[in-house]
Amino acid sequence: MRGLLNPDQKRGLIGSAMLAVLILVIVGAYVLWGETYQARILYATFVNLIVVIGLQVFMGNGNYATFSHAAFMGIAAYAAAICVTPATVKALSLPDAPWGLNAFEMHPVSAALVALAITGIIGALTGLFMSRLTNVSITIVSIAILVIVHSIFLHRTDIFKGNQALFGIPRVFGLGHVTALVILAIVAARLFRESRLGLRLRAVADDEVGARAMGVNVVRARMIAWVASTLFFATAGIAYAFYLGTISARPFYFNYVFLTVAMLILGGLRSVTGAVFGTLLISLGLEIIRWLETGPTLGGVKLPEMLGLSGLLLGIVIVGVMAFRPHGLMGNREIEDIVFRPKKTTEISK
Amino acid sequence: MLEISGLKVFHGPIEAVHGIDLSVPEGSCVALLGPNGAGKTSTLSAITGTARATGTIRLEGHDLAGLDIEDRFRAGISIAPEGRRIFANLTVFENLRMGAATRTDGGVERDIEEWLSRFPILGERRSQSAGTLSGGEQQMLTIARALLSKPRILLLDEPSLGLAPKIIGQVFALIEDLRHEGMTILLVEQNAGAAIDVADYVYVLANGLVTRHGPSEEFGDGSGLMGELTGVHD
Amino acid sequence: QDDTVKIGFAVPLTGDFAPYNEVDGARCMAEMINREGGIGGRQIELMVQDTGADTQAAISAVERFLGDNPVAIGTIPFSDTMIPVAQIAGAQGVSIVQAQSTQVEMHTGVVDNFLTNVAPDPYTATAAANYALSQGVKNVVIFTSDEGGSWSARTPEWFAEVIEAGGGTLQATLNYTGGTTDWSPQIAELRALDPAPDAIYISWGVPDIAVLIRQVRAAGLDAWVVGSDGFDDPSLDALAGEDVSLLDRVFFGTLAPSQGGSKIAEFQDACAAIGMPVNGLFPALGADTIKIVAYGVEAAGSTDPVAVRDAIRAADAIPVMSVESISFKDTSSYALREIPVIGFENGERKLLSLEVPGNVPSWP
Amino acid sequence: MDYAAQQLLNALSFGAEYALIAVGLAIVFSIMGLVNFAHGEVIAFGGYSMAVVGTVVTGNPLVLMAAVLIACVSVSLLLERVAFRTVRKADITTGLLTAFGVSIILQNLYLLLGSPRPISATQFIFLDRTLLIGPVHVSSLQIYETVTTIAAILFLTLFLKRSHLGIAMRAASRDFQMVRLCGVRANRVVATAFAISGLLAGLACIFIMARRGSVTPHMGFDPVLTAFIACVLGGFGSLPGAVLGGFILGFLEVGVLVLLPQTAGGLAQAAVFLVVALLLFWRPDGILTSTAEKGDKL
Amino acid sequence: MLRVEGVSKSFGGVQAVDDVSFTVTDTEIHGLIGPNGAGKTTMINLISGFLRPTQGRILLEDREIQNMPPETVARSGIARTFQNLRLFRNLTVRRNIEVAESHAADASDPTLIDDAIDRFGLGPVLGLAPDALSYGHMRRLEIIRALALRPRVLLLDEPAAGMNTEETEELFRNLLWLRERHPCAILLIDHDLKFIMSASETLTVMNMGRLLASGLPQDVTKNEEVIRAYLGHGETV
Ligand SMILES: Nc1ncnc2c1ncn2[C@@H]1O[C@H](COP(=O)(O)OP(=O)(O)OP(=O)(O)O)[C@@H](O)[C@H]1O
Ligand SMILES: Nc1ncnc2c1ncn2[C@@H]1O[C@H](COP(=O)(O)OP(=O)(O)OP(=O)(O)O)[C@@H](O)[C@H]1O
Ligand SMILES: [Mg+2]
Ligand SMILES: [Mg+2]
């Protein structure tokens, strides 16, 4: 009766293709006109994008507020970094590492796979908890995961170096790699959202009792979405480590969590397109603010220096969006819903 | 008492009622009948101020436009809404106290007791949380709560919904009693026969327009009405 | 060909590390030099960008600065930022010059283009320990936390090492987290010790420290409270406003003399006079960064960053704001300076000792 | 023995502080389903007001206490008006995220208008006296705090159960419009809840300032995070639950500090959170939430 | 098909269901009536797994289901609607149905749902959110959504509530059509006597948690006790 993909997923592929084109246009624009430092901004934006798309998978479809993504990103980043860094470098950077962690090295691909596997396993273990909890408890336990993982990073300085730098990671990724990963992430998230499982999770988000009466195994739906989303975070973490060459526990904590959550909210948690737009807009916005902060000369007028505005703006974006568009810019809509304005509108008025 | 003219009601961009006139004289019971989606609830929402509307609504000659939901209630409009919007986390007793929240006279407790004895099943469950009541029990609670404020005009949206026949009988008897006590009532009902029985005047609403109205005698037992409503829907 | 000397600061003006940025002092010193005619006619131009605590933001700001050919760059004083920033800047020969980076891992040879105006943590710990020993301290307790990297985790251990080498005992190691406003569990541990400790050591900052001092005294403990550069903040002195005796048995090893009448205090007054107030030790040390770079440019006679760095490293004595002079000749990445130990008398800062300690424990 | 008694008392006093903050969160939650993460910034606002009034107007502690309370109540009301009113109908997640936004804005405002470094305000320090009860040291602050918490919870429980306004508050959490349809000025009801929460924040602020003697932009974040966890642990929206949760966390924190070997000291926070996670796994809706079966009912 | 054996359920002090037994046979429409608070909805909650009985057994074709979680019950062929609607507010009408359809026990009749949508008149609103529907439409959506599970037993809790006589008659015809198209047993709760009397082949009456009477509708409604407890003397059938 069904092919490989259901009709919604096919629509999703069309939507993903549009978003992919958008991403490629941005990269193209950079290649043609960009300055070197912008490559880094773009790379960071794309890493964030993978995280935010991963957030959409569990947090967006299930309508839970979770804050542990930075932890999973960190786990993968450290795992990949420890695997891929040459033993000679690790002798210097991780002299006291136990279990021979500083005595081996791996090909980047194997290192990435190991990192994905480790994160996936930890995702599954925590998922056993997460999938059995209720709304606010999910938030709390996600915070607990973040704090516990962070404490371990800090405490086991012999393995993770804590707030000091773990350096010497071969920088094997470039903009091309992360672009490919972003597009992959978009497609994967769209396919998930439109899959039966994604639909079920969205139903659970609306009415858990109703969903169970329709046969939805809530625990299973949450579990799969949770583990899937941790794999997105892992991918982002690996991309982060493979590009920067130096990591520490510091970036994988609350500040990063708030930033990425704000991105998801701005776009609208319910749609993948929202995740993409939200990330791009906030990244762009932050760059503009960073530039404005320094008091540039604009059309002959020297603007005052206003350092430190970006944090303020981030908060204002969150509050403003919540007040005026509680479902974010996109609400329930995906890009193809806007472009095609289909007869069977899937827009939900509220 | 209540005069409505040229009323249009909107839900976002959707216009649910397309300009109707309606009047509820003091001390009378007016029934508003019509199929699903006709706009009955929307009309009541416009009166209570919970839906956006144009046209005029006058209560005893005063235009209600610009009045808040609370002020309309304080002006004497009380509603037992559709869908039993009881406060699920409060007990039965507390729900009733909410109904009398604006009253300052001393008789609230006594009145609550009176209602609890009128619906004995509620009396037995006075400290049960209202969310766990059966559907019918919730419906009774909704009606009692609406009446505890001693309103000047009572809006009832499908009060018989989900009630057992015996209780329906009681509810309509209650409406009859209230009418005799001089209460003004606007009644929305699916149970056309019973509604016509208690009402003085009947409006029939379909697709957001009044299709017919007249004294209840003109409608007989409501069976004539059925034909009219058939096929109107959709 | 350049008629300006550009220095970039991709630093935390907001976020958790904002108190440690050096921009105010750097600005004031640059202004002073520029008013005097610049460095051999070259004006100093600072490029400042707020990065919060975000490494990525720092890196991209630095890459942008690099487009303007700076001589040196300052950034977030954590190795996870300083290393990649140094690597990127290194491609263009530009040095990272940090006003305040005391943590040890930058001096292990990870990067070559790194300089900091100050001495690493083991030196401050040793100076403090030496003074403690001179006061007859025998039994010590240290407070450690992993949150501040090696500064808060290892510095207390170096302190203890020196104390033990001097014949004292480490009675206990207690742990804490940042933001502690109620130290009573730790204090209960202290009170349970027999004999009562002579000194407790903690590398941490205000406001938590002020709370600790107050609560330790309230609990009737009169052990010395000893610390490091994190103590060196005006809000510690504010404790005297409540009760001068609170600061009586408090001292700390720090980066440069900052007591009343010191050069730093004079500098702060001078800056306030020209309307550019500089509060606290870390902001003031930005002035040293400017002085060092200025010296390098002058000595190299160019703004070529590599030439400047070589000139700085070759110098026997570079005049700076906070002390007479410093030198990178023997260390190549940090300035081996005299470490001041500062205490209080009637609530006023007092320089207790000033030495280049010779008995520093070995550090990586 | 003395040591154990001492640590027990410490745990109690930690618990009292968390409980006081947790009740402030719980009251807003139980009324409008809002997880008010910005509560910590309300507390910090009290601290900044104290610093300003203390330097500009007077150092009189009584005046300052009044100033702190007024400041916290006002800012709480202001936040309700400008930020939270618009998300009143929204689900928990939306409200929680809005509160996060508000919290970020306020922290950054403090940073920009104030300073990233601590600003000292020490006028309340006198509240913190050490009393000797037998061999055990008790801080007078610990006693004040415990008493205040208990009084607040008793008063609030009675208020919510008995008074018209209290009942209307609880009703508003489920069906705001229906409360208005009962003629109750629901905006005022919600404002009252925020005022109470602001008042509790003000009290917490006084105690925190009495301990810290200085205010920083981020000072509210940690205690409110802990209090939030306390709320969930006890049963979100339940006032006794908030208090129970607060005390559990107090005991956990001190317990972990005492029992965990110092070599693993860095894992203290992790251990606390692990226990919290396990407790929640055992009772996902919190310890005091009734386990009554609801079937398909609300 | 579905057997309820000596089932009891109490909530604290309230004995909502008290030792009730009855059987719903293969493709019958089985009416369940009783005064408000009699325990009818509770019975449906028990059968559909949302409540566990304090006592007794519930069997679906000889398999005990009283300890299964709701989703397992649903997948093994028991679908239900809710007295207080529980639709997925952020999914379109079509996707509301798809959620259930993805757990359909058998997919041998692929056009069933499309036909049912036409029959129930939901075609034009498939792309809308449930909130935009009138109450009557929502009730119909609940039924189709339950049907999409292709149940062997369909539990309907007051499906005619909020409908007028005409609409109720239409619903009645639709139910007959439905059973024709997808043979299953239907347990039907409603207070509309005319509807329930014409629809049910067997009628069970509950009162105060207990089974009052069970049998052919016309016999049951003559039962004095039933009249006293439920119908009231003023009402005629
Ligand atoms: N919140 C809403 N958003 C969009 N449309 C709505 C909303 N509420 C009602 N409508 C539409 O307005 C029309 C009138 O609805 P209303 O609820 O007034 O009907 P009704 O006569 O009360 O019907 P019923 O007998 O089913 O209760 C319907 O077509 C309905 O779909
Ligand atoms: N979860 C619960 N907790 C406590 N009491 C409950 C619960 N569910 C139902 N009850 C009580 O059990 C009794 C039976 O309720 P039930 O909903 O089954 O009645 P019903 O027969 O469906 O009535 P109606 O026709 O009015 O819907 C009622 O008195 C109700 O108050
Ligand atoms: Mg209606
Ligand atoms: Mg029922």
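In the predicted model, 19 cavities of 30 Å³ or more were counted, a cavity being a set of points on a 1 Å grid over the protein atoms alone where a 1.4 Å probe fits but cannot get out. The second largest cavity has a volume of about 230 Å³, taken as the space filled by probe spheres set on the points. It is lined by 17 residues, and Ser184(C), Gln215(C), Thr130(D), Ser139(D) and Gln142(D) are the closest to its centre; lining residues have an atom within 4 Å of a point. H7(C) gives the most, four residues.

Chain C brings 32 residues and chain A 28 residues to their contact (heavy atoms within 4.5 Å). About 2700 Å² is buried between the two chains, 53% of it from carbon and sulfur atoms; buried area is the accessible area (1.4 Å probe) lost on putting two parts together, summed over both. Gln56(C), Arg64(C) and Asp80(C) supply 23% of the area that chain C buries against chain A, more than any other three residues.

Three salt bridges cross this interface of chain C and chain A (a side-chain nitrogen of Lys or Arg within 4 Å of a carboxyl oxygen of Asp or Glu). One joins Asp80(C) to Arg250(A), with the closest N and O atoms 2.9 Å apart.

Residues are numbered from 1 along each chain as its sequence is written, and chains are lettered from A and ligands numbered from 1 in the order written. Local features need pLDDT of at least 70 and side-chain atom pairs count only at pLDDT 80 or more, while totals for chains, interfaces and linings use all residues; side-chain values use heavy atoms, without hydrogens and water.

How values were computed:
1 Å grid on protein atoms, 1.4 Å probe; cavity = no way out; pocket = protein on both sides within 12 Å on 5 of 7 lines; lining within 4 Å. Helix = DSSP H or I, 4+ residues; strand = E, 2+ residues; numbered from the N terminus.
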